[in-house]
Amino acid sequence: MERQKQPDSAQNKGVSAPELLAPAGSFEVCRAAVFAGADAVYAGGSRFGARAYAQNFTEEELLEAIDFVHLHGKKLYLAVNTLLKQEEIKELYAYLLPYYEHGLDAVIVQDFGVMQLVRQWFPLLPVHISTQMSVASAYGSAYLQKLGASRIVTARELSLSEIFAIRSQSDLEIECFVHGALCYCYSGQCLLSSMLGGRSGNRGRCAQPCRLPYTILDSAKKPVQNGYPLSPRDLCTIEHIPELIQAGITSFKIEGRMKSASYAAEVTAVYRKYIDRWMQSGAEGVDSSDYKRLLRAGNRSGFTDGYYHRHNGQEMISMTCPSHEKDLSADACMLKENKLPIQAKAVINVGKPARLTVSCGETFVSVLGSIVQQAQTQPLSYKMLAAQLSKTGNTPFTVEQMEIDLDGSVFLPKQALNQLRREALEQLEAQMLAQYRRIPVSGKDQTGFGAASGILKTARQAVFTAVAEEYWQLDAVLEQDFISRVYLDSSMYSRECFAAQLTAQVKRIHAAKKQAYLSLPAVFRQKMAQFYRTQWQSIQDSGVDGFLVKTQDELGFLDAVQADKRRCILDDSLHTYSDDTKACFAKEGWLYDTVPLELNKKELRARNNTNSELLIYGRLPLMTSAQCIQNTAARCTKKREVWYLKDRYGKVFPVRNVCSECFNTIYNTQPLSLIQLSEELKRLHPASYRIWFTTEEEQTVRLVLQSVRKAFLEHQAVTMAAVAGAYTNGHYKRGTE
């Protein structure tokens, strides 16, 4: 295995210990993780979490969990990491308010609008950027930090050297997955479950069709290999803890909010052991018994150490039917409650109120009880008082040391002693939690950014645009006079001749009296960002009129180079489900976007589309992956071409390998077509209509463009089955869960 260059090694002396962050799908799991050594847990509430099918917490349970972790000196982060529709955005403030006031430590977000609204409504609440935002470079992290984020959960595909580069260029906290399930796709860029079954991963409802069997077909559609090519093994980095710490990772994240308490306890305990061991003594190496503990806790056909030392690889993929070993034996002591030790002192003097002082750490309280009586028959002994006052029951405390100042022959009813103890422990708990409470903010403006959005409100005459991902498609596009703008896909160009090839294409497009926009890559990692930085002047000199932008990293890059944001259009992958999210982007200067692919026609009619481009034809990308099915099948040619995946129903999905940018795009088996619904679409009042060509041959391109002309300009009925064969309406009629 070829390893990428790592940052210079450092001794553990002077290096900060990372936070160990464990999943908490329920209160039971939360307790198990904390008692096993987690520094923090992340959980989902009743709404807006990316694990909609987990047990999750009710409001009462989550408030209790926040208090529980705080009493133990830990933290709780709330996942609000789905894309919110407009009606849901209206409910977000009231949903978060009680958690904010109770002391929630951070909120994890995917939706750009949610991030901005949380910063506006709850300025004291740290915002963590979910891995669902696909942040993969220092440009993206710096931009989000500029907007108020305090932490990013990086894309799982990053190498240690990439993480080190991000860490060295900002003081933003970096959270990385160290254990658990891996997605085949860059998180936040997957539509596979959504398009195949209506269960959206962006809505926390992924059905995991990637875990099913597929046949890899070569470019001639000949079978190459059967198996499970989209199913990665589970991640395990226990042997790499020292270098993960040295890379500057702030938080080690364990995946598994749908896993059991025993899983959380076992995995947390093992990682706690080796983090502490290396921090204390610099000792490396992992005992085989502990590795077996992790295997028993749960695995998918064994483990992989993920992307930290490789870009992709066969060894990461479970080509055989993924087997699961889970919860075979959990160490019972890991599930045992660890109560907080307290010191207590009681002063029991005749004729005076009984006094009980209790302390935990630096917090202490002192309470007064009933007047102590002179004993008439059976005085209370030291032993009897100590036994009664040391009972802690269901409280989080245990008495570690009890001191009693007993003066004379004393008597107090048992009920009075119990009340004294109860009040002392209740006040101690309240005092320990008081530091986390926040001042109520119920009077804050809840209206969002709508009025200040900068979004045009008046419908305009829509124009037509086209995306060309292959050279041969451009000829047919340029023949059509009704096409106003052409997007040139960046993957068409070689790295060596990028500027020259782009300039030549732009000149052709301008000669046809059309605008030329560059469609930026689906992934914008460190090497790609460096390439574009060196090419930036040449790109400007090419005469390109604007950019189709696909990632947060590209937003950060364009912001850093001071590109004209009015010449940028956000693609669907920069999700704008709600008008509030559109307004949040517009507030930062990003005025133009793409109509979301997962909204239905009712939701689209309620949306402000006047600055939006609507896709009316195209074979949708279902997955963007750092993996490569050619590499998985051991037949990597390093040539840009299309292979295929065939599912168990015989449906065939085109897969393009983009070698210059090193990722795979898996396209839907059928193209989306809304061309036949032209009259309905006009009532949405989009700024433009997009036609997107991916794998189509030149003749198909011409037929599709002719159909657009007939339907939209000549008002004729069209039959798309005769043009494109089988096609789909996508989510236009059905929507997503």
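1. Which side chains meet in a salt bridge at 3.1 Å, N to O? The side chains of D564 and R566 do. A salt bridge here means a side-chain nitrogen of Lys or Arg within 4 Å of a carboxyl oxygen of Asp or Glu. D564 is partly exposed because its relative accessible area is 29%, and R566 is exposed because its value is 60%. For those words, buried is under 20% relative accessible area, exposed is over 50%, and partly exposed is in between (1.4 Å probe, protein chains only).

2. Before going on, a word on what you're looking at. This is a predicted model, where local features need pLDDT of at least 70 and side-chain atom pairs count only at pLDDT 80 or more, while totals for chains, interfaces and linings use all residues. Residues are numbered from 1 along each chain as its sequence is written, and side-chain values use heavy atoms, with hydrogens and water left out.

3. Back to the charges. Side chains of opposite charge can pair when their charged atoms come close. The structure holds 39 salt bridges. One of them joins R300 to D234, with the closest N and O atoms 2.7 Å apart. That pair links distant parts of the chain: R300 sits in strand 12 (residues 298-300) and D234 in strand 10 (residues 234-236), 66 residues apart. Both R300 and D234 are buried. Helices (H or I, at least four residues) and strands (E, at least two) are DSSP runs, numbered from the N terminus.

4. R690 counts as buried because its relative accessibility is 2%, and E613 is buried because its relative accessible area is 1%.

5. E19, R151, E173, E175 and K253 are linked in a network of them.

6. E59, E60, E61 and E64 form a negative surface patch. Patches are made of residues with over 30% relative accessible area and no salt bridge, and like charges are joined within 9 Å. Asp and Glu count as negative, and the place of a Glu charge is taken as CD. E64 lies in helix 2 (residues 59-71) and counts as partly exposed because its relative accessibility is 45%.

7. Strand 23 (residues 515-519) is mostly covered, with four of its five residues buried. Strand 22 (residues 483-489) pairs with strand 23 in the parallel sense over five bridges; two strands pair if DSSP finds at least two bridges between them.

8. You'll find P126 in the loop between helix 4 (112-121) and strand 5 (127-129). The C-alpha atoms of P126 and M115 are separated by 10.0 Å, and the two residues are eleven apart along the chain.

9. Last, P209. This proline is in the loop between helix 7 (192-197) and strand 8 (214-217), and P209 counts as buried because its relative accessibility is 11%. From P209 to K565 it is 37 Å, C-alpha to C-alpha, and 356 residues in sequence.

Technical notes
Patch = residues over 30% accessible without salt bridge, like charges linked within 9 Å, V, L, I, M, F, W, Y side chains within 5 Å. Areas by Shrake-Rupley, 256 points an atom, 1.4 Å probe, with all protein chains shown as cover.
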